[in-house]
Amino acid sequence: QVQLVESGGGLVQPGGSLRLSCAASRSIFSIYPMAWYRRAPGKQRELVAAITSGGRTNYVDSVKGRFTISRDNAKNTVYLQMNSLKPEDTAVYYCSADAQYAKVVTKGGDYWGQGTQVTVSS
């Protein structure tokens, strides 16, 4: 019954890189917009990046130039490449999906993964 599964989190030093993956169980997700959210300790959940079914992307200002969202629809997988990581990037990262882009990038979609922990520390 699990339909979205994140992986790739871990512990990395400042300036390092990680690539997160979100694997979807059904091909219907290939036509859905997808997004990455994160929740840091004591903070509200925030949108990090979003991608349409056609590959158009958007990012929160704090990660522009450092993070890249992409998708491989043949593999039903969305990625978040995270470079030049900073301690303030430490959070649990979640992927989300739904049929409507506006819903995905505001409240979040009806479909969520379990989250993967990213810790940036020396």
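Two strands pair if DSSP finds at least two bridges between them. The legends below concern a predicted model.

**Figure 1. Strand β9 and its pairing with β11.** β9 and strand β11, which spans residues 116-120, pair in the antiparallel sense over three bridges. Five of the seven residues of β9 are buried, so the strand is largely enclosed by the rest of the structure. In a regular strand the side chains alternate between the two faces of the sheet.

Figure 2. Strand β4 (residues 34-39) runs antiparallel to β9, and six bridges join the pair. Arg-39 stands opposite Val-92 in β9.

**Figure 3. The surroundings of Asp-98.** Asp-98 is placed in the loop between β9 (91-97) and α1 (101-105). The relative accessibility of Asp-98 is 8%, which is under the 20% limit, and therefore the residue counts as buried. Its side chain makes a polar contact with the side chain of Lys-103, at 3.1 Å. A polar atom of the Asp-98 side chain also lies 2.8 Å from the backbone nitrogen of Asp-110. When neighbours within four places in sequence are left aside, the residues in contact with Asp-98 are Tyr-32, Pro-33, Lys-103, Val-104, Gly-109 and Asp-110.

Figure 4. Rolling a probe the size of a water molecule over the atoms shows where empty space is left. A search of the whole structure finds one cavity of 30 Å³ or more. The volume of the largest cavity is about 50 Å³. Its lining is formed by Ala-24, Phe-29, Ser-30, Met-34, Arg-71, Asp-72, Asn-73, Asn-76, Thr-77 and Val-78. The elements that give two or more residues to this lining are β7 (67-72) and β8 (77-82). By residue class, the lining of the largest cavity divides into four nonpolar, four polar and two charged residues.

Notes: Residues are numbered from 1 along each chain as its sequence is written. This is a predicted model: local features need pLDDT of at least 70, side-chain atom pairs count only at pLDDT 80 or more; totals for chains, interfaces and linings use all residues. Side-chain values use heavy atoms; hydrogens and water are left out. On a 1 Å grid over the protein atoms alone, a cavity is a set of points where a 1.4 Å probe fits but cannot get out, and a pocket is an open set with protein on both sides within 12 Å along at least five of seven lines; lining residues have an atom within 4 Å of a point. Grid points are joined across faces, edges and corners, and a volume is the space filled by probe spheres set on the points. Helices (H or I, at least four residues) and strands (E, at least two) are DSSP runs, numbered from the N terminus. Ala, Val, Leu, Ile, Met, Phe, Trp, Tyr, Cys and Pro count as nonpolar, Asp, Glu, Lys and Arg as charged, and the others, Gly among them, as polar. Buried means under 20% relative accessible area, exposed over 50%, partly exposed in between (1.4 Å probe, protein chains only). A polar contact is a pair of N or O atoms within 3.5 Å; within protein, one must be able to donate a hydrogen and the other to accept it, and residues adjacent in sequence count only if both atoms are side-chain atoms. Contact means heavy atoms within 4.5 Å.
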